[in-house]
Amino acid sequence: MTTTAITGIGVVAPNGLGTEEFWSATLRGESGIGAVQRFDVSGYPARLGGELTGFDPADHLPSRLIPQTDRMTQIALAASDWAFADARLEPGTYDSTDMGVTTAGAFGGFEYGQRELDKLWTEGPEHVSVYMSFAWFYAVNTGQISIRHSLRGPAGVVVSDQAGGLDSVAQARRNIRKGARLVVSGGVDSSFCPYGWVSRMSGGGLSTGDDPRTAYLPFDVRAQGHVPGEGGAILVTEDAGAARARGARVYGEIAGYGATFDAAARHGGEPGVRRAVETALADAGIGACDIGVVFADGSGTPEADQVEAEAIEAVFGPGGVPVTAPKTMTGRMSSGGAPADLACALLAMRDGLIPPTVNVRTVAAGSRLDLVLDEPRPWQPGPALVIARGRGGFNSAMVLRP
């Protein structure tokens, strides 16, 4: 069966613009979480976020494109440019119809939508931008990346909240197995505006803490919810044989994937995250003992953290595998969170270092996890597992191997 390799990485995150800047900051334990500056949050219960600083779309995009796009799309296009540059793909290597794009989306262009709706109500319909017709749409990143890079092959979007980032990469793998040579994948989200903020709050789970060092503490006894983040990662996936034939650098391969869905609480049943992990391991054809590190979802709410911790312990045994959640430095970036974790896993394989979880001090009672805390941990690179869970019951797991 065709193997899928990852040959390009583009990360835009609150603690680093660009893959190497992000990775260096992550290894140093530097957080991008702080008081939100994009708009006045003083009247909201949640006031902290992982906000991009220093990202000016004019530095990365043509001036004609900026009025047509929401901030999330501007970030995604910059990340896609960096991913393509990193993949070192020569023009003409593949036919445009053999290259596709699948991204994940969670919120869509909330900031653009809010601005144009304000114009509708205060100035009238003739002042609403014609680009509103697509700039708000959760599938717009797929379309804009496709146009920018002339990708005329299979295209799509996956909407499954935080799990979507893994699901979109899994869809890229499916399309490569069906004959595509290259698929751009991953996810980017940004909803740092009043409309987006209230929508996040209505979903529950946001931390109301005011101290960036303690507001988001997955698996900690002090856990009180999560801090939102903006950004994510775009990855270039390729047919592994074709990639190696062109002399590409391969960060790693997608070895296995599994996804499940939790029933509503009123219907009972066991949470599905353990089954997602076991399915991914089975798909990869490896056992739990082969996994060298787990990148946890790290919800930051005690109930969800307990479910994930119990699943990890059930599969790997108490303290049986190093576990980390580097998103404590970025906040939860919705559809962009899991692709950023995939990037971390690939870079951990490259450098032989597991990035840390920051600020966690006392692991919650009953959670017997070997958390990598505060400093990177050296390891002998091997298969890595990434877990992602989305609001509403989504569970996904993906195994990468060097």
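Trainee: To begin, is cysteine 289 buried or exposed?

Mentor: Please keep in mind that this is a predicted model. Cysteine 289 is exposed, because its relative accessible area is 72% and the cut-off for exposed is over 50%. Cysteine 344, by contrast, is buried, with a relative accessible area of 1%, and the structure holds zero disulfides.

Turning to the rings, the count comes to nine aromatic pairs. One of them joins phenylalanine 39 and tryptophan 197, whose ring centres are 5.8 Å apart and whose planes stand at 75°, so this pair is edge-to-face. Since phenylalanine 39 lies in the loop between β3 (33–35) and β4 (48–50), while tryptophan 197 belongs to helix α7 (residues 194–202), the pair ties together parts that are 158 residues apart in sequence. Both phenylalanine 39 and tryptophan 197 are buried, and together with Tyr44 and Phe192 they form one aromatic cluster.

Helix α7 also carries tyrosine 195, and its partner phenylalanine 110 lies in helix α3 (residues 110–122), so this pair links parts that are 85 residues apart in sequence. The two ring centres, of phenylalanine 110 and tyrosine 195, are 4.4 Å apart with the planes at 5°, and therefore the pair is stacked. Phenylalanine 110 is buried, at 13% relative accessible area, whereas tyrosine 195 counts as partly exposed because its relative accessibility is 40%.

Finally, a charge meets a ring as well: the charged end of arginine 115 sits over the ring of tyrosine 112, at 4.6 Å from the ring's centre.

Terms used
Residues numbered from 1 in each chain as written. Predicted model: local features only at pLDDT ≥ 70, side-chain atom pairs only at ≥ 80, totals over all residues. Heavy atoms only, no water. Disulfide = S-S within 2.5 Å. Buried < 20%, exposed > 50% of the residue type's maximum accessible area, 1.4 Å probe, protein only. Phe/Tyr/Trp six-rings, centres within 6.5 Å; stacked < 30°, edge-to-face > 60°. Helix = DSSP H or I, 4+ residues; strand = E, 2+ residues; numbered from the N terminus. Lys NZ or Arg CZ within 6 Å of the ring centre and 35° of its normal.
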